[in-house]
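Work through the exercises below with the sequence and the model open. Each task is followed by a solution in steps.

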Number of protein chains: 2
Amino acid sequence: MANDQVLTKEAILDAAEQVLRRYGPDKTSVVDIAKALQVSHGTLYRHFPSKTALREAVTERWLQQSVAEPLSAIIEKQHSDADEALHMWLKTLIEIKRSASLNDPEMFAMYAAVTLDATAIIAEHIDSLTGQIEVLLERGKVSGAFRYDQPADRLARAVFSATAKFHHPAHAAEWTGESADEEFGSLWKLLLSGLASSK
Amino acid sequence: MANDQVLTKEAILDAAEQVLRRYGPDKTSVVDIAKALQVSHGTLYRHFPSKTALREAVTERWLQQSVAEPLSAIIEKQHSDADEALHMWLKTLIEIKRSASLNDPEMFAMYAAVTLDATAIIAEHIDSLTGQIEVLLERGKVSGAFRYDQPADRLARAVFSATAKFHHPAHAAEWTGESADEEFGSLWKLLLSGLASSK
DNA sequence: CAAATGACAAAAAATGAATATTGTTTTTAT
DNA sequence: ATAAAAACAATATTCATTTTTTGTCATTTG
């Protein structure tokens, strides 16, 4: 029995996300999602080629909405100093992940699972984030806040790698300890010193 | 049937490691290890309180022998420059882990599993490694190669965290890509710049 | 015609009884 | 008295069976 509305990809993703939050990524079946939409499960295969593709689409949208977009807002904000902006950007990335692992555990588990498969979606997401870092690095170079001779895209990846312990889902268990903030503080001082160093 | 020799902890660890390499950490039972020693499995419980403790003891010894000791040899070597020594130390740590994941997959899997439980053994191992970094940082400060105002132990942990992507077992799948060396190269440049920076 | 359904086969997951393993206690041997 | 072996519950693992889930497709509906 079809709904009164046409069945869009977005509507399927909305339902999938809702069911996923309720049952968790392991216990959610395609039939469960179809039931929530009051359609037969076969219908979903007209919109997504496989359950895997559907899971990835849900994760991709979540990464875009919950991670990439809030971070890009920081870049728009035009901070006085590039180092301050980068500091805020990294702290925000870390806080988004930490908060998701605590307050949205099912979506976070979904994201962590998709990350393990090292799919193209994750690679693209990382490209997008390191692209944002690159903008801040270049802005800082122009303003004189940063000095570096590496290509900005490689340096951006180095900054992202260096902070992986604080935002990669594999390390989520280590984020609860009280010393995590202090540890990131030390790392930031070191990185800033490397970025701001006069030659 | 007891062996001619007395049953020592070391002999048990030797046998456990051997059996573990053959069957893998998931398929190895206490009975398998006892069989290799030609003793009854109950006997092993006089030496180790549980299978978990035995697994941890095997891992602890492996971490000491295969990771901590080779690295401490680098520190003894007294390189001309502290930055060169730290660079070598980090590259060696990374190479030990990479090589173990490829050439000693069962022990590496064991280590990765123990790491997930975040046991005291791992914390102690990390303390030991960051202690080694601390020595190099302090040596570099004395020689003038490094300049920093953070406490050396915190800075050592920052260096260790910053390089986690290249030595933490959760990231092993990412070590096969050809760009891994280049990526570490970028990160090292950034870290060195931060450590060597004049204020 | 476009879109959804529902029946279907293949693959994957859950079940449960049989088997093996773990960890403790008791017994045996020296 | 000391240390290994044997016996023994409590868990955990296997494995054959049943059930669910996935993905396809011919048919139906609007």
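**Exercise 1. Annotated regions**

Which residues of chain A does UniProt list for "domain: HTH tetR-type"?

Conventions come before the solution. This is a predicted model, in which local features need pLDDT of at least 70, side-chain atom pairs count only at pLDDT 80 or more, and totals for chains, interfaces and linings use all residues. Residues are numbered from 1 along each chain as its sequence is written, chains are lettered from A and ligands numbered from 1 in the order in which they are written, and side-chain values use heavy atoms, with hydrogens and water left out.

Step 1. The unreviewed UniProt entry lists residues 6–66 of chain A for this domain; such annotations may be inferred rather than shown by experiment.

Step 2. Residues 6–66 of chain A are 70% helix and 0% strand, with end C-alpha atoms 26 Å apart. Helices (H or I, at least four residues) and strands (E, at least two) are DSSP runs, numbered from the N terminus.

Step 3. The unreviewed entry also carries the annotation "DNA-binding region", covering residues 29–48 of chain A. There the chain is 60% helix and 0% strand, and the end C-alpha atoms are 14 Å apart.

**Exercise 2. A backbone angle**

Step 1. Q38(A) counts as exposed because its relative accessibility is 53%; exposed means over 50% relative accessible area, buried under 20%, and partly exposed in between (1.4 Å probe, protein chains only).

Step 2. In chain B, Q38(B) also has a positive phi of about 55°.

**Exercise 3. Relating the copies**

Step 1. A turn of 180° with a shift of 0.0 Å along the axis gives an RMSD of 0.1 Å. The two copies are thus related as by a two-fold rotation axis. The superposition is by least squares on the C-alpha atoms of residues with pLDDT of at least 70 in both copies.

Step 2. Within chain B, G194(B) comes closest to the rotation axis, with its C-alpha at 1.7 Å.

**Exercise 4. The interface**

Characterise the contact between chain B and chain A.

Step 1. Chain B gives 27 residues and chain A gives 26, contact meaning heavy atoms within 4.5 Å.

Step 2. Since 96% of the interface residues of chain B are also interface residues in chain A, the copies meet through the same surface.

Step 3. The buried area is about 2,200 Å², 57% of it from carbon and sulfur atoms. This is the accessible area (1.4 Å probe) that the two parts lose on being put together, summed over both. S161(B), S186(B) and L190(B) supply 24% of the area that chain B buries against chain A, more than any other three residues.

Step 4. There are four salt bridges between the chains, a salt bridge being a side-chain nitrogen of Lys or Arg within 4 Å of a carboxyl oxygen of Asp or Glu. D149(A) forms a salt bridge with K189(B), the closest N and O atoms being 3.5 Å apart.

Step 5. On the side of chain B that touches chain A, the largest share, 10 residues, comes from α10(B).

**Exercise 5. A helix**

Why is helix α8 of chain A largely enclosed by the rest of the structure?

Step 1. Helix α8 (residues 152–162) of chain A is largely enclosed because eight of its 11 residues are buried.

Step 2. The buried residues of α8(A) include L155(A), V159(A) and F160(A).
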